[in-house]
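Hi,

Here is the structure I promised to send over. Have a look at it first, and then read on for what turned up in it.

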Amino acid sequence: MKSCLTSDRRLSILSGHLTTATIDKEGNSSSSSICFSPTSSSASDSSVFANLPRAPEDPILGVTVAYNKDPSPVKLNLGVGAYRTEEGKPLVLNVVRQAEKLLVNDRSRVKEYLPIVGLADFNKLSAKLILGADSPAILGNLVTTVQCLSGTGSLRVGAEFLARHYYQRTIYIPNPTWGNHGKIFTLAGLTVKTYRYYDPVTRGLNIQGLLEDLGSAPSGAIVLLHACAHNPTGVDPTLEQWEQIRRLMRSKRLLPFFDSAYQGFASGSLDEDAKSVRMFVADGGECFIAQSYAKNMGLYGERVGALSIVCKTADVATRVESQLKLVIRPMYSNPPIHGASIVSTILKDRNLYQEWTLELKAMADRIITMRKQLFDALRARGTPGDWSHIIKQIGMFTFTGLNTKQVAFMTREYHIYMTSDGRISMAGLSSRTVPHLADAIHAAVTTVV
């Protein structure tokens, strides 16, 4: 067949594949070809999407877009929650590099599809990490765990399952919360309501408002809880307050859905940061848990996470897993293998696991140090206000209390980028950049109302 695109070999090959055969009445076949012209156009030169409105930038990821466009040598990105070293560079954990070497050198490894639920070792080890190896839920086979696309994907799979199979379609999320939470649950088909969480006056937890709002929720409603290092406020309940929340929720038959994005990254202790979840599991009730390894293993781009559902019986757990497969299969079919293999390699090797806990604590400690340095710098400048919340809050983020105008001022005059609600990523700070941030905050609160 002679291609009508002799000037373009790639299109010639393609047209060969698109040759169509016709059969005449006598049974003889003949070929006809589909011809392409690089300059051909439809009857109308306008796109069918020409009237599509331009969507706004994501409020968090858009910060980085603006930052990248700024040519200033002193610019500082405190918007996106990704860990940085003291030199301001992204960090690949040494233990991750070791695990990857082991995987690359293992000639028995293949790139076949994983099962719908993901890598079996990864699922088993992830459940143990968040619930504890001696958890009665694990020992009783009451947990089903599926590998998902990091924390976001785990939340979405859980939300889709609930929208299909749970009798209550209302989920309560804290006010404020991570900006993506509301979108995830709404698009999954749930009705989103909020409960009071943050007190802007004390810059701490509004426990009374929280208990009142959950107490007014309809029986059986779903409640989103941040397991630790609440995003964006960095404000967590005390263990006593967690117990109050647990008792109220169980008495109202509210269904807890934990988002665990920072286990070990907040306090530096994996067990300490999992206490809230384990309290709810220990009472024998059911709950959902979304896990992410983006922060605590630095596997941001690998998109590796897990959804665990703790059930009343082992039989129910197997039924739940069967339905989770029906959620996942038409969504993304099955999860990627590499990131989950890194995690399982680290979690099942005693030496690698120990090294990971040391690196994890070092990251958490550096963030705590940045909190102390920023607090000290503001106090040294005599910056108006009580800034003790900076050292009282925990985790990657600090909810500064700066308003939208002050944030805009700091971006315009000091080239410091953060979300408009005044949230800053402490992981993006260093000893070198703390004075610049402190100067900007001081200027903002003394000149902008």
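Gln 406 counts as buried because its relative accessibility is 8%; buried means under 20% relative accessible area, exposed over 50%, and partly exposed in between, with a 1.4 Å probe and protein chains only. This residue sits in helix α15. Helices (H or I, at least four residues) and strands (E, at least two) are DSSP runs, numbered from the N terminus. Setting aside neighbours within four places in sequence, Gln 406 is in contact (heavy atoms within 4.5 Å) with Gly 401, Ala 444, Val 445 and Val 448.

Before you go further, please keep in mind that this is a predicted model, in which local features need pLDDT of at least 70 and side-chain atom pairs count only at pLDDT 80 or more, while totals for chains, interfaces and linings use all residues. Residues are numbered from 1 along each chain as its sequence is written, and side-chain values use heavy atoms, with hydrogens and water left out.

Now to the cores. A nonpolar core here is a set of buried Ala, Val, Leu, Ile, Met, Phe, Trp, Tyr and Cys residues joined through side-chain atoms within 4.5 Å. The largest one has 60 residues, and those with the most contacts inside it are Tyr 293, Ile 346, Trp 356, Leu 374, Met 410, Leu 429 and Leu 437. Two or more residues each come from α3 (94–104), α4 (120–131), α12 (338–348), α13 (350–380), α15 (404–414) and α16 (434–447). Helix α13 gives the largest share, ten residues. Another core, of 35 residues, lies apart from this one and includes Ala 217, Ala 274, Ile 289 and Phe 399. In soluble globular proteins, nonpolar side chains tend to be buried together.

Not counting residues up to four places away in sequence, Tyr 293 touches Phe 122, Ser 126, Leu 129, Gly 298, Leu 299, Val 304, Gly 305, Val 343 and Leu 347.

How much space lies in the largest pocket? The value is about 640 Å³. Of the 30 residues that line this pocket, the closest to its centre are Gly 81, Thr 152, Trp 178, Lys 295 and Arg 303. Helices α6 and α7 (179–188) are the elements that give two or more residues to the lining. For both kinds of space, a 1 Å grid is laid over the protein atoms alone: a cavity is a set of points where a 1.4 Å probe fits but cannot get out, a pocket is an open set with protein on both sides within 12 Å along at least five of seven lines, and lining residues have an atom within 4 Å of a point. Grid points are joined across faces, edges and corners, and a volume is the space filled by probe spheres set on the points.

Arg 303 has a further feature: its phi is positive, about 50 degrees, although it is not a glycine. The residue lies in the loop between β11 and β12 and, at 34% relative accessibility, counts as partly exposed. Ser 333, in the loop between α11 (314–328) and α12, also has a positive phi, near 75 degrees, but Ser 333 counts as buried at 19% relative accessibility.

Next, the sheet. Seven strands form an open sheet with mixed pairing, in the order β4-β12-β11-β10-β9-β5-β6; two strands pair if DSSP finds at least two bridges between them. The edge strands, β4 (143–148) and β6 (191–196), each pair on one side only. Strands β9 (residues 222–226) and β10 (residues 255–260) pair in the parallel sense over five bridges, and His 226 has Asp 259 in β10 as its bridge partner.

Finally, two cis peptide bonds to look at. One joins Asn 175 and Pro 176, with omega about 5 degrees, and Pro 176 is in the loop between β5 and α7. Another runs from Asn 231 to Pro 232, with omega near 25 degrees; Pro 232 is in the loop between β9 and α9.

Best wishes
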